[in-house]
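Here is a quick walk through a structure, one topic at a time. Have the model open beside you as you read.

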Amino acid sequence: MNSIEVKKGIYWVGSVDWNVRDFHGYTTSRGSSYNAYLIVDEKIALIDSVKHGFRQDMLAKIAEHVDPSKIDYVISNHTEPDHSGELLAVMQQAPQSQLIASAKGEKGLRQYYPGDYPCRVVKTGDTLNLGRYELSFINTPMLHWPDSMFTYLASEKLLFSMDAFGQHLASNQRFDVDVDFDILMHEAKTYYANIIMHLGSIVAKTLKAASELAIETVCPSHGVIWTKHLPDIISRYQDWCAFKPAGKVLVIYDSMWHSTEMMAEQIVAGATEEGVQAQLIRLPNHDLTNVVTEILDADAVVVGSPTLNNGMMPTVAAFLTYIKGLKPAKKIGFAFGSHGWSGGGAAQVGQEMEATGIEIVREPIVCQYRPDQAVLDQCLSAGKELAQHAKSC
Amino acid sequence: MKYRCLLCGYIYDPEVGDPDNDIDPGTAFEDLPDDWECPECGAGKDEFEPVED
């Protein structure tokens, strides 16, 4: 693949990672891309780089337009190694180049990549004149690392948004209009849910600040560039950071000998009788990346586990640990599960669910060995109550 | 009382203060300037919650 012109003198020089499927635990079902951008002006700037291993790919794309040794500025919008992995390699090729980063960015980059290279620390409002183009910088701390910043090109109404509005989506196309809209939005939602769900308050503030800028094009660090569908993704981000519910119930569980599964099925049956979307999700068969994407806009999340060695099953514990950090808001739920003798699994699930921020609306529903009709009726009734809540939101 | 940043997990300990940002030890969270920011991540005071001892 060659470089692609975004605007006059501005090129995508990143790499498409077609076959990556495990991105620090995030299942990237459609691969990803690491987007670096080259600006060829009187001065030459590179915005972000690529993951380690894609150096030659990026340098070859840069070389289509300019000798990489001529780069004057290497701008790091985000310290994470999938974007910074080859910054040092570029600076070694262009010894006169200067790194541009936020204060937290410089600190992190010098720890990842020790070396005696010049760095200019920038903050919101600072500018960098390249000749025809003048870039400005906007700190966006914790969106999604402390170092994060946007680079803005006002004259072109162009925002380099690093991970914000990103998608793990490998494609030979670079613009939103050239890929399937529904797949694009699904991958953007998956990215939001798994990377920044817990930072909704910061997202809301940043969207408000960004609304004061004239923006027609957003170049993220992963996936395709937003042009025609920019209003769509901004609208979705507004919904997601507000946890706008989609009217659905999720029943998430694991089971050993089908008893907890029978309870889960009855909860789904109850929600179904009320005419509300409900999903049955047995954890080992689903990867957490997709489960979390469903949680983002769920109204109710109930979690079941049998008791194994006096506690919950490790699959359920791993799931709850993951969502605890992502802090899903505006959801109700409860725990359920079967046990053989002393029990404890469902109660432990309930405690952990509460720590995630899910509003617990009832004591755990439990049964011994097999759920009898009374327990199954209880599950059915509980499923109906969750559905009624979903309909009322 | 200590306060935790909800975004990054940093804990403001009034006994330590935030000397890098000219906040002396002994400064209660409530007495921090309104424009004080989390030294780890830049979050505002409204992103902090008290930590139960």
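## Cysteines of chain B

With a relative accessibility of 4%, B:Cys38 counts as buried. This is a predicted model, so bear that in mind throughout. B:Cys41 also falls in the buried class, at 3% relative accessibility.

B:Cys38 is in no disulfide, and the nearest cysteine sulfur, that of B:Cys8, sits 3.7 Å away. For B:Cys41 the closest cysteine sulfur is in B:Cys8, at 3.7 Å, which is too far for a bond; the cut-off for a disulfide is a pair of sulfur atoms within 2.5 Å.

## The fold of chain B

Chain B has 0 helices and 3 strands, which gives the pattern β-β-β when you read along the sequence. Its radius of gyration is 10 Å, close to the 10 Å that the globule rule gives for 53 residues, so chain B is as compact as a globular protein of that length. Along the principal axes, the C-alpha trace of chain B spans about 25 × 25 × 15 Å.

Buried residues account for 42% of the 53 residues in chain B. Take the contacts in chain B between residues at least 6 apart in sequence: 43% of them join residues at least 24 apart.

Over in chain A, strand 12 (residues 127-129) and strand 13 (residues 134-139) pair in the antiparallel sense over 3 bridges. In that pairing, A:Thr127 stands opposite A:Ser136 of strand 13. The hairpin made by strands 12 and 13 of chain A has 4 residues between the strands, and A:Gly131 takes a positive phi there, near 125°.

Strand 13 of chain A also has a partner in strand 14 (residues 149-153) of chain A: the two run antiparallel and are joined by 5 bridges. Here A:Ser136 turns up again, standing opposite A:Tyr152 in strand 14.

## Backbone spots worth a look

The loop between strand 13 and strand 14 of chain A holds A:His144. The peptide bond leading from A:Leu143 to A:His144 is cis, with omega near 10°.

Two residues other than glycine have positive phi values. A:Lys157 has phi near 55°, positive in a residue that is not glycine, and lies in the loop between strand 14 and strand 15 (158-162) of chain A. At 33% relative accessibility, A:Lys157 counts as partly exposed. For A:Asn310, also a residue other than glycine, phi is near 70°. A:Asn310 is found in the loop between strand 19 (300-304) and helix 10 (314-326) of chain A, and it is exposed, with a relative accessible area of 56%.

## Salt bridges

Side chains of opposite charge can pair when their charged atoms come close. Over all chains the count comes to 19 salt bridges. One of them joins A:Lys61 to A:Asp57, with the closest N and O atoms 2.9 Å apart. Why can this pair be described in terms of a helical turn? A:Lys61 and A:Asp57 are 4 residues apart in helix 1 (residues 55-63) of chain A, so about one helical turn separates them. A:Lys61 is buried at 2% relative accessibility, whereas A:Asp57 is partly exposed at 30%.

Other pairs reach across the chain. A:Arg282 forms a salt bridge with A:Glu261, the closest N and O atoms being 3.6 Å apart. This pair links distant parts of the chain, 21 residues apart: A:Arg282 is in strand 18 (residues 277-282) of chain A and A:Glu261 in helix 8 (residues 259-273) of chain A. A:Glu261 is buried, with a relative accessible area of 13%. A:Glu385 and A:Arg362 meet in a salt bridge too, at 3.7 Å from N to O. They also link distant parts of the chain, 23 residues apart, with A:Glu385 in helix 12 (residues 373-392) of chain A and A:Arg362 in the loop between strand 22 (359-360) and strand 23 (365-368) of chain A. A:Glu385 is partly exposed at 43% relative accessibility, and A:Arg362 is partly exposed at 23%. Finally, A:Lys189, A:Lys248, A:Glu294 and A:Asp297 are joined into one network by salt bridges that share partners.

Technical notes:
Residues numbered from 1 in each chain as written. Chains lettered and ligands numbered in written order. Predicted model: local features only at pLDDT ≥ 70, side-chain atom pairs only at ≥ 80, totals over all residues. Heavy atoms only, no water. Rg over C-alpha atoms; globule rule 2.2 N^0.38 Å. Buried < 20%, exposed > 50% of the residue type's maximum accessible area, 1.4 Å probe, protein only. Contact = heavy atoms within 4.5 Å. Pairing = 2+ DSSP bridges. Salt bridge = Lys/Arg side-chain N within 4 Å of Asp/Glu carboxyl O.
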